[in-house]
Amino acid sequence: MRTIYIMWQREVKRFVRSKSRIVGSLGQPILFLVALGYGLGPVFAKAGQGNYLEFLAPGIIGMSIIFSAIFNGMQVIWDRQFGFLKETMVAPVSRLSIMFGRTIGGATVASAQGVLVLLIAMLAGFRPISWIGVVPAIIMMFLIALLFSSLGIMVASLLKDMQGFQLIMNFLVMPLFFLSGALFPLDNVPAALLIVARCDPLSYGVDALRYFLIGSSTFPLALDIGVLVLVSALFLGLGSYFFSKIQI
Amino acid sequence: MATIIDVKNLTKKFGDFVAVNDISFSVEAGDIFAFLGPNGAGKSTTIKMLTTLSHPTKGTILINGFNPVTNSDAARHSFGIVFQDPSLDEDLTALENLKLHGALYGVPTDILKTRIDELLALVELSDRKNDFVKDFSGGMKRRLEIARGLLHHPKIIFLDEPTLGLDPQTRNHLWSYVQKLNEDEGITVFFTTHYMEEAERVAKRVAIIDHGTIIAQGTSEELLQQTSTSTLEEAFLKLTGNAIRDEASSSTDKMRQNHGMWRGGNRR
């Protein structure tokens with residue numbers, strides 16, 4: 001327990017201290033909200049889909065969470081390169097608790113970023129349908145963050161260095177984001193795209209966020225939560241397995 | 001004296017490559033033991049196996065009576081280690097690094113505070129304890145790592161090239177700490193170095209490994225006698241030859257070169 005706590009605390013401390021990282025990570029969501037939200041808004045309205053900013057905001061929250069969570073997980077690679085990982089690997093504690101602490105810490109940081117993006121979206125004119133809905137929305141954010149934080153650690157455990165980083169970015173993170181329905185409604189997309197989106201866990205995360213924040217969703221809420229919980233558990237398990245196999 | 005590190009027929013293979021080939025040696029409790037060898041001789045691989053980071057292909061190891069493979073946590077409690085590369089979290093303060101170590105090793109919180117104060121005083125970093133490690137010099141980082149390695153009161157401390165890149169003043173200082181610890185606390189010291197005069201001056205016993213095999217061991221005097229040379233450096237060269245060993249640049253080195261760029265751009 002103490003191990004999980006101290007590893008969690010480390011992630012949170014590092015985040016709170018790096019002001020530039022916080023500000024930097026908010027740049028992209030702001031750009032997306034402004035450029036797409038205001039830019040495509042009129043087209044979206046004309047197509048009879050309503051307010052695009054409202055539709056987009058949960059998607060952008062999801063985006064900031066998946067980016068932040070996967071990067072936090074991949075912090076393992078830096079720790080491997082710069083030695084700190086060894087300090088935890090020779091410690092007389094189970095690797096499982098180290099991995100859990102890191103994952104939960106990374107997820108906490110990513111959810112905090114999600115909440116920040118929610119606040120920024122509200123500055124841009126977004127209003128959640130009800131304030132009570134914000135609480136379960138934050139829980140959903142944490143679930144999404146947990147899922148992708150474990151995925152990040154899993155990927156990082158398999159990579160030796162940052163060489164494969166671009167690969168992960170272009171073939172994992174970007175597709176997960178763009179094909180998730182974060183930017184467009186999945187209701188009337190071509191069947192092939194819908195199948196792909198249905199295989200993307202982020203689709204269910206964003207859908208659940210929309211349910212609580214704007215009161216509309218594509219999938220049933222139970223399906224969203226079920227998928228998030230199951231896939232999180234799966235990735236947490238796989239992440240722990242690969243993390244425990246790291247040899248330095 | 002009792003044997004505290006006991007290595008029998010230890011072998012490590014990576015595919016067809018034999019990094020460590022059937023070595024046996026033992027270290028007595030309270031010894032200062034120098035483990036020497038040219039680059040790529042098998043030193044680091046051996047240390048990794050001794051410190052539970054890597055599993056032997058064959059052979060047995062006992063660290064303080066515990067097998068690092070089957071009883072890794074007990075073995076891990078028995079030693080502290082200062083790695084060749086710094087392994088501190090640079091974004092935390094000195095104090096936070098020590099607290100984190102204390103938590104990982106299960107040092108009770110009330111004892112932890114006094115121990116941290118004692119150790120920081122020992123390595124003369126008390127006034128810098130709330131500073132970030134990234135602002136420390138190489139010597140200060142090493143001293144902090146030594147303090148950290150001792151925090152859980154280990155029986156053995158492993159020092160893997162602890163003086164690499166340090167100036168003579170800091171090196172001198174560091175070895176006086178280590179010798180003092182060895183005398184006062186009876187802690188067993190196992191170290192590697194490329195500075196032969198250090199090994200000659202500090203070590204009570206020396207083992208030389210080359211091409212994965214131990215080619216000589218004993219006190220410095222015994223090695224000098226065996227090779228009829230006058231310094232350990234000459235003895236070392238006589239035993240291991242003059243050919244220069246090249247180590248392939250690892251991805252770690254490449255990453256380190258890019259590190260400054262990354263931190264500058266993204267983290268600060």
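**Exercise 1.** Find out what kind of contact the side chains of E96(B) and K13(A) make.

*Solution.* Keep in mind that this is a predicted model. Start with the atoms: N to O, the distance between these two side chains is 3.0 Å. The cut-off is 4 Å for a Lys or Arg nitrogen and a carboxyl oxygen of Asp or Glu, so E96(B) and K13(A) form a salt bridge. Now zoom out: the rule gives seven salt bridges across the interface of chain B and chain A.

**Exercise 2.** Describe the side of chain B that touches chain A.

*Solution.* First, look for the elements: helix 2, strand 5, helix 3, helix 4 and helix 10 of chain B each bring at least two residues to this side. Next, sort its residues by type: 17 are nonpolar, 16 polar and 13 charged. Then count both partners: 46 residues of chain B are in contact with 29 of chain A. Finally, the area: the two chains bury about 3,300 Å² between them, with 57% of it on carbon and sulfur atoms.

**Exercise 3.** Work out how the six-stranded sheet of chain B is put together.

*Solution.* Begin with the order, which is 5-6-7-3-8-9 in an open sheet with mixed pairing. Strand 5 and strand 9 sit at the edges, each pairing on one side only. Then pick one pair: strand 6 and strand 7 of chain B run parallel and are joined by five bridges. Within chain B, I157(B) stands opposite V189(B) of strand 7.

Key. Residues numbered from 1 in each chain as written. Chains lettered and ligands numbered in written order. Predicted model: local features only at pLDDT ≥ 70, side-chain atom pairs only at ≥ 80, totals over all residues. Heavy atoms only, no water. Contact = heavy atoms within 4.5 Å. Buried area = accessible area lost by both parts, 1.4 Å probe. Helix = DSSP H or I, 4+ residues; strand = E, 2+ residues; numbered from the N terminus. Nonpolar A, V, L, I, M, F, W, Y, C, P; charged D, E, K, R; others polar. Pairing = 2+ DSSP bridges.
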